[in-house]
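Here is a short note to read beside the model. Take the points in order, and keep the structure open as you go.

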Amino acid sequence: MDLKKVLIAALLVFLPAAPAQASASKPVQVTFTFDDGVADQLQGKQLLEKYGMTGTFYINSALIGLPGYMTRTDLDALKAAGHEIGGHTATHQNLPTLSAAEQNRQICLDRNTLLSWGYAVTSFAYPFVEFDATTKSIVQSCGYNSARVAGDLRSPFSCADCPAAETVPPADRWAIRTPDDIESNWTLANLKSVVTRAETGGGWVPLNLHHLCAGSGCPAESIAPAVLDQFLAWLQPRSAPTIRTTVRTVQQVLGGAVKPAVTPTAAPAPGAPGVNTVRNPSFETAAAAVPDCYTSAGYGTNIVSTTRVNDAHSGTWAERVSMTSRTDGDAKLVPTFDLGQCSSQVAPGRTYQVSAWYKSTAPVFFTLYQRNAIGQWSYWTQSPRLAAAGAWTKATWLSPVPPGTAVAASFGLTIDSVGTLTVDDYGFADTTAAPAPVGVNALVNPSLEAAGADGFPQCWTGAGYGVNTPVWTRVTDAFTGTYAERLELTSRTDGDAKLIPGWDSGNCAPLVLTGHTYTLSVAYKSSAPTFLTLYRQDAAGTWSWWTQSPPFATSAAYTTATWASPAVPAGTKAVTFGLTLDSVGQLTTDNYAMVAN
């Protein structure tokens with residue numbers, strides 16, 4: 001046998017075959033897609049442009065402008081450089097877990113917002129790669145031309161028997177296949193292999209990226225900018241006629257006209273006055289530790305657990321929020337921040353009463369959030385603090401009028417210290433506060449019996465001005481009932497101090513009847529003369545000093561200070577007042593009243 005032929009044959013067995021390459025008849029198109037619109041993807045934009053390439057960026061429109069996300073200016077820069085902007089739902093939801101109506105709002109509203117911002121939106125990607133037949137149908141009905149999934153093409157670490165490339169046109173344009181998500185364990189060799197395998201038979205290789213980040217603190221779904229740079233440098237010359245592997249956006253691969261905006265399914269209308277619009281208000285329905293239609297929310301550095309418990313105010317179940325350590329921040333259970341399936345819609349110019357039954361080992365308060373028309377959620381306002389409660393206690397608070405841009409709201413009773421908070425029976429209802437009728441005491445907690453937070457009775461707070469040192473004490477030396485409030489000015493250069501109903505309107509500071517006088521009275525004893533100070537809130541919500549009474553004499557035993565105010569000026573919404581101490585000494589008060597004449 002010819003020894004030379006034997007050696008050549010043996011050598012051929014061990015030499016790797018040269019990779020097949022795309023040809024004029026079997027070109028490969030590579031697409032770089034980026035999900036979520038996070039700010040670190042702008043590094044990907046710059047790298048693509050360095051090599052004369054463009055990508056497709058799938059955007060959650062309601063997250064644009066939030067910390068860690070791109071801004072409108074960034075999106076405009078993407079468009080100007082030739083990149084494609086696609087849709088990814090308004091707030092990045094797991095679509096099959098939502099009702100068909102909520103899926104429609106998430107998908108259509110997101111596309112409509114992006115269209116209104118001036119982008120040609122034809123491509124969609126499913127958040128979390130979760131979808132079903134209903135989801136696919138809704139994507140089509142909202143005006144998209146395609147939808148991308150992730151997976152089902154051959155990948156470096158999985159799916160060895162899967163195709164190396166998607167077909168053009170795709171086997172299913174509503175489930176465009178890709179290799180697995182690119183993660184931090186992908187090497188340059190892995191990236192190259194995905195392309196070279198596809199070059200054997202041609203086709204389309206959409207690549208799915210999330211973060212550009214290098215280092216130990218990066219999310220798992222990250223690629224190092226240096227690795228992407230090297231991959232693009234390798235990929236660029238493969239567009240030559242001898243290989244014909246090119247980089248194109250989804251729209252460039254598939255084509256298709258930009259369809260008009262499609263009106264989303266309408267959210268439920270705001271509730272009628274007095275109607276509770278909270279879904280699953282008693283937490284009876286739950287598929288997990290958190291009741292259906294609710295989300296655990298909060299911020300800061302703390303350790304929190306949320307537990308479903310059968311220590312309920314009504315029904316069978318309640319929810320317990322336990323904060324076991326805290327540096328800062330808070331925790332709460334809120335109706336889910338969505339587009340109408342769980343959150344409550346609001347109407348312009350209306351006020352809303354939020355309510356919850358609770359037990360807690362620490363003071364709590366309501367936190368309210370608002371949503372605008374394009375699905376962006378933000379902090380709105382919060383209530384005064386409520387005292388810890390060992391037994392079931394109903395907390396209520398009347399909101400201000402929602403901001404002009406608000407179309408929906410969510411809320412939660414909030415704990416911001418180590419302890420436990422158990423909640424049940426949430427409520428959110430259109431409620432119009434009205435001034436107390438003539439002859440009726442307009443004050444809440446007038447005898448100071450209900451304890452509040454921060455050392456003051458519920459619905460009351462300390463006020464004053466100037467350089468002085470007030471000391472507040474809840475005492476049992478009461479005129480009636482059990483408790484009174486003692487104010488001691490231990491030092492004074494100028495100014496005064498007083499106990500007043502809190503600075504709001506309709507919750508603690510009473511709404512008033514304009515044109516009417518009010519009879520004010522307080523049971524007190526003092527070691528120095530006192531007087532009543534009155535403040536008024538105008539229609540814009542601004543508080544200012546209004547008037548004050550003549551002085552009342554020192555009294556060692558309880559006596560009642562009574563004074564009739566002037567007529568309430570036009571344009572006044574609410575009034576608050578307090579018996580005032582403006583010299584070193586003590587003042588103990590109880591049994592407040594404010595009655596319209």
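1. **Make-up.** The protein chain folds into eight helices and 31 strands. Keep in mind that this is a predicted model.

2. **Overall form.** The radius of gyration is 33 Å, well over the 25 Å that the globule rule gives for 597 residues, so the protein chain is more spread out than a compact globule. The C-alpha trace spans about 130 × 50 × 50 Å along its principal axes.

3. Of the 597 residues in the protein chain, 51% are buried. The accessible surface is about 24500 Å². Carbon and sulfur atoms account for 57% of that surface.

4. **Contacts.** Take the contacts between residues at least 6 apart in sequence. In the protein chain, 75% of these join residues at least 24 apart.

5. **Charges.** The protein chain has 37 positive and 44 negative charges. Their mean positions lie 8 Å apart.

6. Now look at strand β20, residues 408-415. Is β20 mostly covered or uncovered? It is mostly covered: eight of its eight residues are buried.

7. **Partners of β20.** Which strand is joined to β20 by eight bridges? That is β17, residues 364-371, and the two run antiparallel. Here phenylalanine 366 stands opposite leucine 413 of β20. Strand β14 (residues 330-335) also pairs with β20 in the antiparallel sense, over two bridges. Lysine 332 faces threonine 414 of β20 there. Strand β15 (residues 344-345) pairs with β20 over two bridges, again antiparallel. Glutamine 345 has alanine 408 of β20 as its bridge partner.

Notes: Residues numbered from 1 in each chain as written. Predicted model: local features only at pLDDT ≥ 70, side-chain atom pairs only at ≥ 80, totals over all residues. Heavy atoms only, no water. Helix = DSSP H or I, 4+ residues; strand = E, 2+ residues; numbered from the N terminus. Rg over C-alpha atoms; globule rule 2.2 N^0.38 Å. Buried < 20%, exposed > 50% of the residue type's maximum accessible area, 1.4 Å probe, protein only. Contact = heavy atoms within 4.5 Å. Areas by Shrake-Rupley, 256 points an atom, 1.4 Å probe, with all protein chains shown as cover. Lys, Arg positive; Asp, Glu negative; His and termini not counted. Charge placed at Lys NZ, Arg CZ, Asp CG, Glu CD. Pairing = 2+ DSSP bridges.
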